[in-house]
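Okay, everyone, thanks for coming. I'll walk through a few spots in this one, so let me put it up on the screen.

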Amino acid sequence: MEYLSHQLMSAQNGQSIAHQERAALPEKVLQFGTGVLLRGLPDFLIEMANRQGIFQGRIVVVKSTSSGDTAAFDQQDNLYTVCIRGIQDAQQVEQNLVCSSISRVLTASTQWDEVLACAHNPELSVVISNTTEVGIKLVKEDIHQSPPSSFPAKLLAFLYARYQAFAGDPEKGLIIAPTELIPDNGDKLERILLELAHLNNLEAEFIDWMEQHNHCCNTLVDRIVPGTPAPAAKANIEAQLGYQDDLLIMSEVYALWAIEGDEAVKAKFPLHLAHEGVIIAPDINPYRELKLRILNGGHTFSCGLAYLCGFNTVVEAMNQEMFTHFIEHLLLDEIAHSIPAPLTLAEARDFAKKVLDRFRNPFIEHKWLSITMQYSSKMQMRNVPTLLRYYDVVGTVPEHMALGFAAYLLFMRATKTEDGRFYGRRENEDYLIQDDQAAYFYTMWQNFAPRALVSAVLKNEDLWGCDLSQLAGFEEKVAFQLESMQDQGLCSTLVVGAKTNVHFY
């Protein structure tokens with residue numbers, strides 16, 4: 001079977017002219033990283049903007065690591081297919097899209113001079129990165145190496161080359177949008193760049209240019225991109241497509257790229273005009289709150305309950321009516337009311353509905369047991385603020401949060417310890433409790449009856465940063481649910497909860 005290529009694309013009816021036009025677009029983006037998240041989200045979104053005539057620019061990719069090679073990119077003229085699979089507005093989506101947004105891939109270790117030559121390109125306007133969470137760190141090194149070892153040093157060397165190429169022209173500053181999954185990623189990267197600049201004794205004029213005319217933007221990315229499908233599934237897709245694609249990746253439908261920027265960023269990088277998943281705003285914290293409270297928090301309130309009910313994956317649980325009822329009310333009736341301003345309840349509930357679609361995606365296998373890793377810290381970081389705000393806004397006991405919290409306590413009940421590890425029990429199998437508080441809960445379950453345990457745990461301010469027993473009715477409800485799960489079973493408790501007189505607001 002023939003490989004995906006420009007020639008193949010140009011030969012396909014109806015795609016020749018448009019494809020040739022996109023293949024000739026100028027290089028406007030420098031990207032550090034070749035991973036599937038970059039190809040499945042930023043590069044995909046740039047492709048969508050190019051198809052609509054909005055951005056009109058392609059990407060030079062810098063491969064920073066020494067592992068692997070660029071043979072697949074070279075063989076396929078840097079083209080690749082994104083296979084979008086999932087649920088949107090309760091409808092199943094299956095779409096295949098060929099991305100031509102990458103112009104070439106350079107290897108930093110052997111082509112550093114070519115990377116620096118890109119700094120002389122007057123049309124370049126954006127830098128993107130995803131070098132994993134450990135990529136944005138300070139390494140005290142000489143940026144004049146060929147190449148420097150760390151990503152920030154590589155980027156600083158590039159910015160310095162651009163400053164020199166254009167004699168500090170204010171119009172030649174860049175938008176820098178790191179997508180590494182750390183809070184305030186742009187701010188952190190900018191601090192490292194400034195420290196490195198001083199360590200390398202770079203002139204004050206360059207430092208002023210870097211600070212005043214380049215935008216290091218905080219960003220938030222959210223899209224599940226599992227990568228290459230299993231061989232059998234990939235072969236089946238390729239048979240339908242009529243070509244072989246060694247860069248083919250899977251992706252869910254949902255996409256979010258929130259970029260903290262002003263009107264100048266919008267003007268240079270107007271991807272928000274091409275796709276609803278791109279948000280450029282002066283403050284992206286509200287969108288981080290949505291993701292943290294509804295998506296991540298919804299997972300955390302649900303994972304112990306779902307796993308102990310016998311469900312192994314998220315979609316498996318979503319195919320069961322009683323569990324679906326639980327999580328819908330949890331997200332739409334409770335967590336959505338806890339999202340702070342400036343977001344409205346309507347916006348929070350709209351996001352929650354998209355999350356429910358994502359949970360129902362039959363093409364992604366997301367294991368509940370994986371979500372329980374460091375369960376206690378996730379509960380504290382994601383859900384305690386949500387719980388407290390719910391009380392501030394609504395003032396009543398959140399039934400579904402209480403049930404989720406009770407299930408968390410039951411999940412943390414270790415029935416055996418072995419080699420310093422703690423194991424819980426689900427039906428006839430043991431499961432590993434991967435949580436720094438596992439020893440604490442083992443001791444608590446050994447020494448307290450359920451109601452006393454609930455009281456003691458909720459009062460533990462070292463765990464939660466506050467005394468949760470002070471929330472009116474919460475302790476009583478959690479204890480009642482915990483005893484019900486132990487006496488009647490989790491599924492029976494879930495069924496009873498589903499029959500409570502609760503309605504969407």
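So, how many of the residues in helix H4 (residues 42-51) are buried? Keep in mind while you look that this is a predicted model. The count is 9 of its 10 residues, so H4 is mostly covered, with under 20% relative accessible area being what we call buried. If you want to click through them, the buried ones in H4 are Pro42, Asp43, Phe44, Leu45, Ile46, Glu47, Met48, Ala49 and Asn50. Then look just after H4: Gly53 sits there with a positive phi of about 70°.

Okay, on to positive phi in residues other than glycine. Head to the loop between strand S3 (80-88) and strand S4 (91-99), where you'll find Asp89. Asp89 has a phi near 50°, which is positive, and it isn't a glycine. Ala90 is in the loop between S3 and S4 too, and phi of Ala90 is near 70°, again positive in a non-glycine residue. Buried or exposed, then, for Asp89? Asp89 counts as exposed because its relative accessibility is 64%, and the cut-off for exposed is over 50%. Ala90 comes in at 62% relative accessibility, so Ala90 counts as exposed as well.

Next, cis peptides, and I've got two to show you. One joins Ser146 and Pro147, with omega at about 0°. Pro147 is in the loop that runs between strand S6 (126-129) and helix H7 (151-165). The other runs from Ala341 to Pro342, also cis, and there omega is near 15°. For Pro342, look in the loop between helix H14 (321-334) and helix H15 (345-359).

Last stop is Arg426, which you'll find in strand S14 (residues 421-426). Why do we call Arg426 buried? Because its relative accessibility is 6%, and anything under 20% goes in that class. If you leave out residues up to four places away in sequence, Arg426 touches Tyr307, Leu308, Gly310, Phe311, Asn312 and Tyr431.

Definitions and conventions
Residues numbered from 1 in each chain as written. Predicted model: local features only at pLDDT ≥ 70, side-chain atom pairs only at ≥ 80, totals over all residues. Heavy atoms only, no water. Helix = DSSP H or I, 4+ residues; strand = E, 2+ residues; numbered from the N terminus. Buried < 20%, exposed > 50% of the residue type's maximum accessible area, 1.4 Å probe, protein only. Contact = heavy atoms within 4.5 Å.
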